[in-house]
2 protein chains.
Amino acid sequence: MANLKSKDVVWHPGAVTKADREAVSGHKACTIWMTGLPASGKSTLAVALEKVLWDRGMHAYVLDGDNIRHGLNKDLGFSPEDRNENIRRIGEVAKLFTTAGVINATAFISPYRSDRDQARRIMGDGEFIEVYVDCSVNECERRDPKGHYKKARAGEIKEFTGVSAPYEPPLHPEIVVHTDRETEAESLQKILSYLEANGYIQRVG
Amino acid sequence: MANLKSKDVVWHPGAVTKADREAVSGHKACTIWMTGLPASGKSTLAVALEKVLWDRGMHAYVLDGDNIRHGLNKDLGFSPEDRNENIRRIGEVAKLFTTAGVINATAFISPYRSDRDQARRIMGDGEFIEVYVDCSVNECERRDPKGHYKKARAGEIKEFTGVSAPYEPPLHPEIVVHTDRETEAESLQKILSYLEANGYIQRVG
């Protein structure tokens, strides 16, 4: 490099903390952990939430099957052990995003209570917000946008949550949305209201 | 929830793209991949870079041993296979942060060329900036802040890069810094100059 300008560089040692980031961004960082049956509406809700928060000037990001299952966790299948490891890694990545000052929404079935509780435990107080995306299996199966329920009933997909693999609903989720009897806007507003009421984000208007 | 305000919610469907994020933040998102021997100065440089960028209003974040080895990759050791998987996962996480609009700096030995090239391949054009943190093994060993070289020489740590495990220097890194004969400020300025000259960040002043 011919153009060294070391005299221009001024910095103070030490990492940028989460609190530093929150002070500047004006919102808290947290993980909004959506859990629910396949086709219950987790990803749709997560993407809508990301957009609303981002439109309001916040740092928001979605972790979901599209960007995790084909990348970080492409070595994992759907056995109970692999599901554990899938959720363990997602929890760790969500923690990194939270540390980085981002409101991140995760949209994974995450069927086991113990896996979700582990993700909660590795985060700080108030950093983990569990959203139970409650939708009857009948309604999920009626929607079946990817045809997975149909294949699971036909035995073509093994260990399919809600059909041939268990789903353990949260016992004490911070938020419950009922996507089989609320509009998407209503479910989304529940989450925003929670974030506002608990000081994660600023109230609008 | 008693206070549904669905009428207040307005959003447009569709995820927030990297380009959307860059347009608002005023800087490009990328992964600045530091590679080099143990104690060559990768983490110090990454943390300093994060701070400078953040002080200039950018989204910056460091992935390093402190937040990865004790979390996401705590199940991995230092065998060649585990080093592969370690770097594979870090590359995937770095890609997520890049997609999220963040300039993220990774500070890992990442001794194998093929592993680094794999991380480069999963990212888009220009998203992966390899920084070879070049420092003679003698100087690294002289520093030895954690006493690891001493233990490796004594055989107490096996497969230690630079002593008993190989390090493959990059063939065509975007940036080379020589931490054994530059000040930290000079090395940092090289990286900033590269980012400015190539339009990742705006020039100051």
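A crossing is called right-handed if the near helix is turned clockwise from the far one by less than a right angle, and left-handed if the turn is anticlockwise. Keep that in mind for the helix pair below. The model is a predicted one.

Take helix H3 (residues 65-72) of chain A and helix H4 (residues 80-99) of chain A. They pack at an angle of about 115°, and their axes lie 12 Å apart. Angles from 65 to 115 degrees count as roughly perpendicular. H3(A) is therefore roughly perpendicular to H4(A). The crossing of H3(A) and H4(A) is right-handed. Which residues make the contact? H3(A) contributes Ile68(A), Arg69(A) and Leu72(A). H4(A) contributes Asn86(A), Arg89(A), Ile90(A) and Val93(A). By class, the residues of this contact of H3(A) with H4(A) are four nonpolar, one polar and two charged.

Now turn to the sheet of chain A. It is an open sheet of five strands, and the pairing is parallel. The order is E2-E3-E1-E4-E5 (chain A). What stands at the edges? E2 and strand E5 (175-178) of chain A do. Each has a single partner strand, so one side of each is left without a neighbour in the sheet. On average, neighbouring strands of this sheet are turned by 20° against each other, direction ignored.

The E5 side comes next. Strand E4 (residues 128-134) of chain A runs parallel to E5(A), and four bridges join the two. Here Asp134(A) stands opposite His178(A) in E5(A). Helix H2 (residues 42-55) of chain A packs on the sheet. H2(A) touches E1, E2, E3, E4 and E5 of chain A. The direction of H2(A) makes about 165° with that of E2(A).

Is E3(A) mostly covered or mostly open? It is mostly covered: five of its five residues are buried. Both faces of E3(A) are covered. On one side sit Ile103(A), Ala105(A) and Ala107(A), on the other Asn104(A) and Thr106(A), and all are buried. The pairing of E3(A) runs to two strands. Strand E1 (residues 30-35) of chain A pairs with E3(A) in the parallel sense over five bridges. Strand E2 (residues 60-64) of chain A pairs with E3(A) in the parallel sense, also over five bridges. Follow Thr106(A) in E3(A). Trp33(A) stands opposite Thr106(A).

An open sheet of five strands with parallel pairing has the order E2-E3-E1-E4-E5 (chain B). Its edge strands are strand E2 (60-64) and strand E5 (175-178) of chain B, and each pairs on one side only. Neighbouring strands of this sheet are turned by 20° against each other on average, direction ignored. E2(B) and strand E3 (residues 103-107) of chain B run parallel, joined by five bridges. Val62(B) stands opposite Ala105(B) in E3(B).

Helices complete the chain B picture. Helix H2 (residues 42-55) of chain B packs on the sheet. H2(B) touches strand E1 (30-35), E2, E3, strand E4 (128-134) and E5 of chain B. The direction of H2(B) makes about 165° with that of E2(B). Helix H5 (residues 113-121) of chain B lies across E1 and E4 of chain B. H5(B) runs at about 155° to E4(B).

Notes
Residues are numbered from 1 along each chain as its sequence is written. Chains are lettered from A and ligands numbered from 1 in the order in which they are written. This is a predicted model: local features need pLDDT of at least 70, side-chain atom pairs count only at pLDDT 80 or more; totals for chains, interfaces and linings use all residues. Side-chain values use heavy atoms; hydrogens and water are left out. Buried means under 20% relative accessible area, exposed over 50%, partly exposed in between (1.4 Å probe, protein chains only). Two strands pair if DSSP finds at least two bridges between them. Axes are lines fitted to C-alpha atoms, for helices over the stretch in contact, and angles run from 0 to 180 degrees between N-to-C directions. Contact means heavy atoms within 4.5 Å. Angles under 35 degrees count as roughly parallel, over 145 as roughly antiparallel, 65 to 115 as roughly perpendicular and the rest as oblique. Ala, Val, Leu, Ile, Met, Phe, Trp, Tyr, Cys and Pro count as nonpolar, Asp, Glu, Lys and Arg as charged, and the others, Gly among them, as polar.
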